[in-house]
Amino acid sequence: LLCAAVASEALRQPELERLRTRIIGAFFKALTSSSEEVVSAAKEGLAQVIRLHKLQKELLQHSLRPILLNLADYRKLTVPLLQRLSRLLQLLANFFNVTLGEKLLEHLRKWTDPDGLAKVRQNAKPGDDVKIATAIIELFRLLPPAPLKFIHSLVGITLQLEQGLPGTPAQGRLWSPYRGALLPYLCRHAPESVEYLLARLAQPAHARLLVSLLGHADGGPLRAELASNVPRLLGSTF
């Protein structure tokens, strides 16, 4: 019903601005729902708002404030919070800048630090530390494009996180939740990702990472990029 209302010509009238603002606020709040049906409707409603109305900066800041406040402290991160941010990025990526990516990297580094990880585990259920770090990595594919700024750090942190997983062999893993979360980001920036990994083929961890990504069913963009860059591959191999 609210989706239909926000698309109405009548709601664009200046005298209904207060009602329009309340409806938009309801959409933002609904993004936190555990019901996929409610979340889907909220995303549809916000998409219509963005398409048909000018989303006021003050309203956007007010709506984003609760989630951004929690993002400031890595100890407050939860999977539901990161899922909500993911839904917002799907709709409002252009309203964010690289600062968000830098903050997420800063948080991820806490997972590679024993003291930081211990603080995370104090407030999380068993296993949630892996789920939260995985959810953070998944967000990068939704950020405004800045591949050269994040690829090096994101790949390095992913490899470090894998070393902390129970049962990881000395030579590293063939796959992990972290690697699965990283793949969509690298595929989105396939030229830069392939160039980065080819330049590091002499490093076993990076070579194994590239092989595993190329062999994954969802690694098509990376395979296509590598196939179009055979001379670069040969130059890196021999």
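Predicted model: local features only at pLDDT ≥ 70, side-chain atom pairs only at ≥ 80, totals over all residues.
Biologist: Okay, let's step back. How many helices and strands does the chain have?

Modeller: You'll find 14 helices and zero strands. Walk along the sequence and the pattern reads α-α-α-α-α-α-α-α-α-α-α-α-α-α. The C-alpha atoms fill a box of roughly 70 × 45 × 30 Å along the principal axes.

Biologist: Which contacts tell me how the chain comes back on itself?

Modeller: Take the contacts between residues at least 6 apart in sequence: 69% of them join residues at least 24 apart.

Biologist: And what share of the residues is buried?

Modeller: Of the 238 residues in the chain, 43% are buried.

Biologist: How should I read a nonpolar core?

Modeller: Here's the general idea: in soluble globular proteins, nonpolar side chains tend to be buried together. In this chain, the largest nonpolar core has 68 residues. Those touching the most other members are Phe28, Leu77, Leu108, Trp111, Ile136, Phe140 and Leu222.

Biologist: Pick one for me. Which residues does leucine 108 touch?

Modeller: Leaving out residues up to four places away in sequence, leucine 108 touches Ala133, Ile136, Ile137, Phe140, Leu154, Ile157 and Leu161.

Biologist: Now the rings. How do I read an aromatic pair?

Modeller: You describe a pair of aromatic rings by the distance of the centres and the angle of the planes. This structure holds three such pairs. In one of them, tyrosine 74 and tryptophan 111 sit edge-to-face, 6.4 Å centre to centre with 70° between the planes.

Biologist: Where in the chain do tyrosine 74 and tryptophan 111 lie?

Modeller: Tyrosine 74 is in the loop between helix 4 (57-71) and helix 5 (79-92), and tryptophan 111 is in helix 6 (residues 98-111). The pair links distant parts of the chain, 37 residues apart. Tyrosine 74 has a relative accessible area of 12%, so it counts as buried. Tryptophan 111 is buried too, at 6%.

Biologist: What about the rings I opened with?

Modeller: Phenylalanine 140 and tyrosine 185 are also edge-to-face: 6.2 Å centre to centre, 80° between the planes. Phenylalanine 140 lies in the loop between helix 8 (128-139) and helix 9 (147-163), while tyrosine 185 is in helix 10 (residues 177-188), so the pair ties together parts 45 residues apart in sequence.

Biologist: Which residues do ring pairs link into a cluster?

Modeller: Phe140, Phe150 and Tyr185.

Notes
Residues numbered from 1 in each chain as written. Heavy atoms only, no water. Helix = DSSP H or I, 4+ residues; strand = E, 2+ residues; numbered from the N terminus. Buried < 20%, exposed > 50% of the residue type's maximum accessible area, 1.4 Å probe, protein only. Contact = heavy atoms within 4.5 Å. Core = buried A, V, L, I, M, F, W, Y, C linked by side-chain atoms within 4.5 Å. Phe/Tyr/Trp six-rings, centres within 6.5 Å; stacked < 30°, edge-to-face > 60°.
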